[in-house]
Each structure stands twice: as C-alpha cells, then as structure tokens.
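Colleague: I would like to go through this structure with you, starting from the charged side chains. Could you take my questions one at a time?

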Amino acid sequence: MKALQYRTIGAPPEVVTVPDPEPGPGQVLLEVTAAGVCHSDIAVMGWPAEGFPYELPLTLGHEGVGTVAALGAGVTGVREGDAVAVYGPWGCGTCAKCAEGKENYCLRAEALGIHPPGLGRPGSMAEYLLVDDPRHLVPLDGLDPVAAVPLTDAGLTPYHAIKRALPALVPGSTAVVIGAGGLGHVAIQLLRALSPARVVALDVSEDKLRLAREVGAHDTVLSDASAAGAVRELTGGLGAQAVFDFVGAEPTVRTAGAVAAVEGEVAIVGIGGGALPVGFGHLPFEVSVHAPYWGSRGELIEVLALARAGAVSVHTETFSLDDAPLAYERLHAGAVNGRAVILPNG
C-alpha cells in the first residue's frame with residue numbers, strides 16, 4: 001500500500017510503498033477514507049535528532065476515519081463495512097483515567113510504550129490503518145468522512161478545553177480565541193453553540209480573521225503588540241473570562257495572560273513552546289492556567305453529535321495521498337484556511 005512517511009530527521013515526508021497490514025487478535029483493519037493534516041505533525045518533523053522520541057520511518061496521520069476492512073480474532077462490536085472515526089489518544093484501557101474514558105490522560109501509556117497512530121505508531125496517511133482495539137472506533141452514523149476526520153482532533157481538542165470553561169461563560173462573559181486556523185475556527189463554532197459568551201478571535205492573518213467572522217466570531221482583532229489593549233477595550237477593561245490559545249508561542253501566551261479577567265481561565269492548547277508565568281503579580285487574581293491534551297472518547301462522541309446537528313463544521317481543503325507533502329508545505333506556510341484533508345484512496 002501507499003503511505004506518507006517521515007523517514008529522515010529534517011527531511012520532508014515521502015510517499016512510499018509499504019506492506020499491507022494484517023489484523024492480529026483483537027485488532028481492526030480500516031480502509032482509510034480520510035486523514036487530517038495537523039500542525040502537530042510539523043512540530044514532530046521539526047524536532048532534532050537528539051532526543052527524538054519515535055522510531056523512523058513513521059507513517060504520519062493522527063486524525064483518521066475509514067471503513068472496517070477486516071477483523072482480527074475475537075473482535076466484537078464492529079462489522080466489516082462499518083464507517084468509523086478513530087479515537088486517537090490510545091491508553092492502556094485499565095488505569096483510573098482510562099476507566100473514566102480519559103485515555104488522553106492514561107497513567108501508564110508512557111511506561112507501556114503506547115502511542116497514538118501517527119505519533120509513534122503507523123498513522124492514517126496510508127491506504128490502510130491498523131487499530132489496536134475496537135473501543136478506539138466511534139461510528140460516523142452518516143457523517144461525511146472529509147467533514148468528520150478533522151473533528152477527531154481539531155474538534156475534540158477545543159471541545160475538551162471549552163467544556164471545562166463553560167461554567168465561567170455566562171451571559172455577559174467574553175471568550176477569546178487566539179489563532180483562527182484549523183482548531184481555532186472550530187472553537188469559535190463550539191463556543192457559539194455551547195455558550196452565550198461574546199467571542200473575540202485573534203490572528204495574524206486577515207484571511208483567517210475573515211473566516212473567524214464567517215463562522216461566528218462577534219469581534220476580530222489583529223494579533224499584534226496592540227491586541228491585548230484592543231481586547232481590554234472591547235470588554236470595558238475587564239478582560240475575558242476564558243482565553244483559548246491555539247498557537248501557544250511566547251507572544252500569544254503573553255497576550256493570553258494580558259487579556260484574562262480576574263478569576264479567568266487560560267487554556268494553552270497550541271504547542272508553540274511558550275510558557276505563561278503563574279504567581280502573585282504575574283496575572284490577575286485567581287486566574288487558572290492549564291495545558292489540555294486532546295479529549296476523552298466520550299467527548300469525541302459528543303463532538304460528532306454536534307456535527308450531525310449542524311452546530312459545527314470544518315472548512316476543509318482536500319489532497320490526494322501523492323500530494324500530501326504539498327499539503328504540509330502549504331500548512332507550514334500558513335496557506336491552508338481551515339483544515340487540510342488527505343484522501344488516501346480517493
């Protein structure tokens with residue numbers, strides 16, 4: 001089969017031919033219908049050789065949907081031909097967090113060498129994907145694969161962050177979204193669907209600010225040195241009750257802290273390497289800062305339900321598997337407005 005692999009540190013990914021996988025006991029083989037392109041992959045490919053955590057070559061793709069092609073011995077709960085989404089942050093399935101459905105916070109995954117597809121084990125940017133356990137599959141139930149695949153990360157991750165902040169997003173409150181790209185434009189829709197908050201979007205790109213307005217942002221602000229002051233002015237000097245930074249770089253986390261209100265929440269979702277000092281005098285009183293990771297399997301089910309209800313949709317641009325390296329080039333250049341999706345069998 002064809003697969004997109006990261007093969008050499010510092011080199012771009014390559015489309016190669018690899019053996020077709022076969023499901024062992026308890027495993028499920030998917031014919032991949034769509035795979036999502038994510039900035040996290042670019043971050044992985046930017047890591048230096050020293051301390052690189054994964055074995056190469058690595059088939060990329062941690063967002064995946066597909067059709068069940070074959071079942072390993074003992075598999076129940078899914079059938080050949082089922083259209084499913086892949087829940088990506090795999091855990092051990094038995095620790096306290098996994099028992100809550102929070103495999104994204106599995107307490108034993110690192111010790112056991114368990115990795116998500118595309119982030120340590122073969123991912124979805126291939127004609128077939130081997131899934132370790134049927135519990136990591138969620139029925140699409142009529143959702144279009146291209147529309148659904150970004151929801152497994154670009155929908156699930158902001159949903160997880162926003163859900164925690166909902167008690168603070170009462171009528172009259174403000175939520176700030178920093179970065180209106182792949183995750184951010186979904187976050188805006190989720191905030192509009194789930195809360196009465198005023199949504200203010202920040203980005204360095206006028207195209208992405210235009211997208212933010214199209215999907216429901218009440219206000220948009222150019223993300224520059226004056227952004228924090230502009231948000232403070234929009235909120236009458238009070239700041240935002242919830243701030244979601246989908247960039248996570250040093251300048252954006254500083255902005256996130258500067259626009260937070262007293263008792264506000266700051267979620268640093270992006271992996272741009274920035275850090276926000278927490279301590280007396282650094283932030284307004286009782287501001288909470290956290291760095292969420294992905295979301296639970298139950299939350300993925302909820303996100304897909306919101307999509308079926310028409311409450312959230314993802315702006316997508318599709319590419320063939322042969323053109324997948326180009327998709328990463330365009331994403332790296334900031335030329336993808338929304339989310340790039342690879343069609344391995346399209």
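Modeller: Let us start with K102, which counts as partly exposed at 30% relative accessibility; buried means under 20% relative accessible area, exposed over 50%, and partly exposed in between (1.4 Å probe, protein chains only). This is a predicted model, in which local features need pLDDT of at least 70 and side-chain atom pairs count only at pLDDT 80 or more, while totals for chains, interfaces and linings use all residues. Residues are numbered from 1 along each chain as its sequence is written, and side-chain values use heavy atoms, with hydrogens and water left out.

Colleague: Which residue forms a salt bridge with K102?

Modeller: The partner is E100, with the closest N and O atoms 3.5 Å apart. A salt bridge here is a side-chain nitrogen of Lys or Arg within 4 Å of a carboxyl oxygen of Asp or Glu. E100 is partly exposed, at 48% relative accessibility.

Colleague: How many salt bridges does the structure hold?

Modeller: It holds 12. One of them joins K2 to D322, at 3.1 Å between the closest N and O atoms. That pair links distant parts of the chain, 320 residues apart: K2 is in strand β1 (residues 2–6), and D322 is in the loop between β15 (316–320) and α11 (324–332). Helices (H or I, at least four residues) and strands (E, at least two) are DSSP runs, numbered from the N terminus. K2 is partly exposed at 34%, and D322 is partly exposed at 45%.

Colleague: And E63 with R339: are they buried or exposed?

Modeller: Both are buried. Their side chains meet in a salt bridge of 2.7 Å, N to O. E63 lies in strand β5 (residues 63–71) and R339 in strand β16 (residues 339–343), so the pair ties together parts that are 276 residues apart in sequence. E63 and R339 are also linked with D153 in a network of salt bridges.

Colleague: Changing topic, how many disulfides are there?

Modeller: The count is zero, where a disulfide is a pair of cysteine sulfur atoms within 2.5 Å.

Colleague: What about the nonpolar core? Which residues touch the most other members?

Modeller: In the largest nonpolar core, of 82 residues, they are M125, F244 and I342. Such a core is a set of buried Ala, Val, Leu, Ile, Met, Phe, Trp, Tyr and Cys residues joined through side-chain atoms within 4.5 Å. Leaving aside neighbours within four places in sequence, F244 is in contact (heavy atoms within 4.5 Å) with residues including A161, I162, V177, L191 and A267. A second, separate core has 19 residues, among them V200, V231, A240 and V243.

Colleague: Where is T255?

Modeller: T255 is in helix α9 (residues 250–259). T255 is buried, with a relative accessible area of 12%. Apart from neighbours within four places in sequence, T255 is in contact with I178, L202, A227 and A228.

Colleague: Finally, V262: buried or exposed?

Modeller: V262 is exposed, with a relative accessible area of 53%, and lies in strand β13 (residues 260–268).
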